[in-house]
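Welcome! Take a moment to look over the sequence and the structure shown here, and then read on for a short tour.

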Amino acid sequence: MPDLLSIKFEEWKEHSRAVRTWSVRAARLMIGVPDYDTYVAHRQANHPGLPIMSYEEFFVERQEARYAVSKGRFRGCC
Amino acid sequence: MSALVGSVNGTQTKVLWAAIALLGAVSLGIVALSRGEPVNAAWLVIAAVCIYFIAYRYYALFIANKVLGVNAARPTPAVRHNDGLDYVPTNRYVLYGHHFAAIAGAGPLVGPVLAAQMGYLPGTLWILAGVVFAGAVQDMTVLFLSTRRDGRSLADMIRSEMGPVAGTIAGIGILLICIILLAVLALVVVMALRGSPWGTFTVFCTVPIALIMGVYGRFIRPGRVAEMSLIGLVLLVAALIYGQTVAQTPELAAYFTLSAPTLALTIIGYGFFASVLPVWLLLAPRDYLSTFMKVGTVVLLALAIIIVRPYLQMPSVTKFIDGTGPVWAGSLFPFLFITIACGAVSGWHSLISSGTTPKMLENESQIPFLGYGSMLMESFVAIMAMIAASVLHPGVYFAMNTGAGILGTTAAQAAQVVSNMGFVVTPDQLAQVAHDVGETTILSRTGGAPTLAVGMAQILSSLLGGQALTAIWYHFAILFEALFILTTVDAGTRVCRFMIQDLVGNAIPGFKETTSWTNNIIGSALACALWGYFLYQGVIDPFGGIWTLWPLFGASNQMLAAIALILCTVVLFKMKRERFAWVTIMPATWLVVCTVTAGLEKVFNPNPAVGFVAHAFRLTSAIASGQILAPAHSLDEMSRLVFNDYLDATLAFLFAAVVLLMVVYGVLNVWRALGTPKATAIEVEFAGAAVGARNA
């Protein structure tokens, strides 16, 4: 049954793509970089017309924010 | 886990949960009741996992739904303030990874290794009971409180719920824990690298590697995290392999064979420079590497333990439960509960749970999964560390963890001393282990990390590579621990600097300006001097440093946990949920009792091995009669030990005092809350609350 096989392959491809997307998101958030597409979607939906940071700007902004220490804000150690 | 919990309430589910309970009980019985026969580590793993599932299903969900009253209809900070940056509603599995990576660190790896001196059973039971009733409860409740308060920090919440004085006391407590934590963690690295050219070379290499990654990720290919991490990983593995050549080439090895004091000064200097550099250059790339390596290694170790299923060589209980052990001083109560802090209950997590996670929570209903669930995972890491320490021959374990002052410096002396403790071992066995892991000696490698590394090497090489790769795996484990400890040293120095600037800034307002280079340099120097003093003191301590400092670290961590749980209790009373407040009163009481007992014993215990003051007295009277007591070598060294004894005693006393003051403020606030007829907890307004009440 060639049809069934090809469907399974498509499904498998889709699953592996989903696993990849979510793993990448998880790995990025572990180091304090949230999802960029979500940020863009948020800006477009809620602040139309306002500037949106490029991915590079977004990354630099998030990197600084992760290590910025302010009153009562710490990062993990233990 | 959520699928299991969420399943329909049918007979099948009941049978399943009964089976889990039965399996857990049988495994725990095998672990606890075996005498003589080595136990397979698999039983420990199964017992722990069954307990975690049952605790989550029956205790975590009870606390979430009945005690805290999480409300899925109530918008979280992420939903209310969504900005795509700090506040982003995030998938719970992704957020679980973020939260776990933030709480996991060196604590759960080192504490259980040190606790193994009493046998694997006492430590394991405390890890399991501690996480279920104290640690995970604290993490989840603080996460809940912070979520209801727009993701505000622990210190902030204490100030607003318990008053400014309590807030200041807690702030002092947090500064103390930071200083001791940095000193102890740096000490762990120093002890692991002392006289080890392979380890030292590899760890030194992480600095240029991080710099390369930093420049790549900032200028060459901005923001490409995967690429820069891959580059870092490849270079790291290359450094790890080349390290063997360095160790075997005498001319090269000479550069990297450093004494403990030299290493300590190097790390202090590193901490200073790293904390004034821009974050993207060194801190961030090193953080990326260490985070991925940390999570990856934890997963790898879990797989290896499940596949290899090693036997535990350590007896379930050793004679050292009477407090005469050589690894750390003190009897089972209270010192076991101080030695294992992270993994059972860690005050540090209350800072993380009130950090970034509450700002990314999609829905309040996910609080048990994130708060309680990730602490269960951390506890599992502690169980794995306990297994890694217990698969070693007990003779090897004690030879590695006893200070040179007691053990002597040759393999023959060490084997004699350890055999006299009742763990028969030959000099050849000790030399063989050192040879297998590619080191010249393993004697007195205190601090827990080397022991864990030998245990991990034994387990991982059974999985992959066999004898041939044991040395590589050992240095990989050392590298993995040193990497994230040094990240902590860097980040922690910045935190200390900020707190010092904030504190001193009250007197000299100009000092608060954190963008000023002068201020940053002075602040960093002060911070490094503070933790560096304790580090150096630990390094030259003839008992091996960990003996003295680890109980102080554990006490400070439990002190913070007690503070957090007192806050949780106060808020439960202010929410008018006092009939459920036993959930936090119970662990808070236990921690207060442990910290205060340990603190006071460290000060007043007449046994010089436990009490700092008694030890100082003994040294002072010896100095008066011109006598030099081993392990000191000169009268000068003795006077320094006396000074350090008094300093440590002051710290121990401060910890106890901070906890007791917080108890007083806690009781006052509870009293006030009981006298007020309506709820007084200061939460963010929720319009739906009134609607919900009407509907109910």
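This is a predicted model: local features need pLDDT of at least 70, side-chain atom pairs count only at pLDDT 80 or more; totals for chains, interfaces and linings use all residues.

How are the two helices arranged? Helix α24(B) covers residues 517–540, and its axis lies 8 Å from that of α9(B), at an angle of about 40°. The two helices are therefore oblique to each other. Their crossing is right-handed.

## A look at α9 itself

Helix α9(B) runs over residues 164–193. With 30 residues at 1.5 Å a residue, α9(B) should span 44 Å, and the 44 Å between its end C-alpha atoms agrees with that.

Is this helix mostly covered or mostly open? Mostly covered: 23 of the 30 residues of α9(B) are buried. After the helix comes Gly195(B), which has a positive phi, near 60°.

## The other neighbour, α8

Helix α8(B), residues 154–162, also packs with α9(B): their axes come within 7 Å and cross at roughly 155°. That angle makes α8(B) roughly antiparallel to α9(B), since angles over 145 degrees are counted that way. This crossing, too, is right-handed.

Which residues take part? From α8(B) come Ala155(B), Ile158(B), Arg159(B) and Met162(B), and they meet Pro164(B), Ala166(B), Gly167(B), Ala170(B), Gly171(B) and Ile174(B) of α9(B). This contact contains seven nonpolar residues, two polar ones and one charged one.

## Where the two chains touch

Now let us step back to see both chains. In all, 31 residues of chain A are in contact with 47 residues of chain B. On the chain A side, three helices each supply at least two residues: α1 (2–30), α2 (36–46) and α3 (55–67).

Which of these helices gives the largest share of the side of chain A that touches chain B? It is α3(A), with eight residues. By class, that side of chain A has 17 nonpolar, five polar and nine charged residues.

Methods. Residues are numbered from 1 along each chain as its sequence is written. Chains are lettered from A and ligands numbered from 1 in the order in which they are written. Axes are lines fitted to C-alpha atoms, for helices over the stretch in contact, and angles run from 0 to 180 degrees between N-to-C directions. Helices (H or I, at least four residues) and strands (E, at least two) are DSSP runs, numbered from the N terminus. Angles under 35 degrees count as roughly parallel, over 145 as roughly antiparallel, 65 to 115 as roughly perpendicular and the rest as oblique. A crossing is left-handed if the near helix is turned anticlockwise from the far one by less than a right angle, and right-handed if clockwise. Two residues are in contact if their C-beta atoms, placed from the backbone, lie within 7 Å. Ala, Val, Leu, Ile, Met, Phe, Trp, Tyr, Cys and Pro count as nonpolar, Asp, Glu, Lys and Arg as charged, and the others, Gly among them, as polar. The expected span of a helix is 1.5 Å times one less than its number of residues. A residue is buried if 20 or more other C-beta atoms lie within 10 Å of its own, exposed if 12 or fewer, and partly exposed in between; C-beta atoms are placed from the backbone.
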